[in-house]
Amino acid sequence: MGVWEMLAVLLAGVFAGAVNAVVGSGTLVTFPVLLATGLPPVTATVSNALGLVFGSLSGAFGYRRELRGQGRRVLRFAAGALCGGFVGATLLVSLPADTFETVVPVLVTLALVLVILQPRASAWVRRRRERQQQPARADGGVLLLVGLTLASVYGGYFAAAQGIIYMSLMGVLLDDSMQRLNAVKNVLTAVVNGVAAGFFLLVAHFDWTAVLLIAVGSVLGGQLGSSVGRRLPPTVLRAAIVVVGATAVVQMVWP
């Protein structure tokens with residue numbers, strides 16, 4: 001990897017770390033850059049996953065204030081993310097790439113629709129609870145846990161836009177602020193990237209230069225993104241998710 005290629009990977013890591021902290025889909029920045037340096041797709045995927053672990057941790061640390069009081073919720077969701085991330089990583093080394101590449105744009109598009117409809121969907125869920133005199137569940141129930149676990153399977157496989165899927169599911173099924181949900185999203189992303197990277201360490205080949213550059217860049221970007229993201233109003237944050245997600249879909253389906 002030449003000097004200019006190394007600089008491009010580093011800058012991509014910074015941008016990905018910032019985007020992941022605020023929205024998600026940072027992989028759609030780093031992955032194409034790694035491919036452009038000549039890395040094979042699987043090597044690029046696993047190197048990217050390991051490097052972005054540190055950025056995810058950085059983003060979660062930046063949102064530590066919003067994580068207060070969510071300990072039980074985070075532990076419950078993290079257990080599902082751990083299992084899902086491991087399954088997804090296993091699929092990456094055992095299934096043809098075309099299998100998930102066909103499904104990914106559909107999943108992300110559905111997630112974006114949920115994000116757009118989230119205010120109305122959440123209001124409908126609240127009204128339904130009130131009519132049935134059911135208290136709101138702090139953890140979203142079994143449906144949310146299953147949904148987040150399945151999203152983590154996808155995240156362990158490819159990771160792009162997993163944060164958008166997390167936010168769409170939690171936004172509909174939890175009665176909480178977007179910023180607090182975004183904090184949980186960063187923790188879940190760190191868990192999935194971590195377990196996937198740990199699995200890849202045993203069975204896959206890494207480009208350690210790429211890992212180091214993305215790790216350094218994404219840590220810096222994670223702090224930058226969390227600093228900016230924590231100040232965004234819910235409407236702006238939701239709009240950012242939709243814009244990044246739509247760009248991700250176009251990038252994935254464009255020939």
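Author: Let us begin with a lining: by class, the second largest cavity is lined by seven nonpolar, five polar and no charged residues. This is a predicted model, in which local features need pLDDT of at least 70 and side-chain atom pairs count only at pLDDT 80 or more, while totals for chains, interfaces and linings use all residues. Residues are numbered from 1 along each chain as its sequence is written, and side-chain values use heavy atoms, with hydrogens and water left out.

Reader: What makes a residue of this lining nonpolar, polar or charged?

Author: Ala, Val, Leu, Ile, Met, Phe, Trp, Tyr, Cys and Pro count as nonpolar, Asp, Glu, Lys and Arg as charged, and the others, Gly among them, as polar. The lining includes F31, A49 and Y157, and also T27, N48 and G155.

Reader: Which elements give two or more residues to that lining?

Author: They are α2 (27-36), α3 (41-62), α7 (141-157) and α9 (178-203), where helices are DSSP runs (H or I, at least four residues) numbered from the N terminus.

Reader: Why is α8 called oblique to α9?

Author: The axes of α8 (residues 162-173) and α9, lines fitted to C-alpha atoms over the stretch in contact, come within 9 Å and cross at roughly 135 degrees, on a scale from 0 to 180 degrees between N-to-C directions. Angles under 35 degrees count as roughly parallel, over 145 as roughly antiparallel, 65 to 115 as roughly perpendicular and the rest as oblique, and therefore α8 is oblique to α9.

Reader: Which residues make the contact between α8 and α9?

Author: With contact meaning heavy atoms within 4.5 Å, the residues include Y166 and M170 of α8 and L181 and K185 of α9. By class, this contact has eight nonpolar, six polar and one charged residues.

Technical notes. On a 1 Å grid over the protein atoms alone, a cavity is a set of points where a 1.4 Å probe fits but cannot get out, and a pocket is an open set with protein on both sides within 12 Å along at least five of seven lines; lining residues have an atom within 4 Å of a point.
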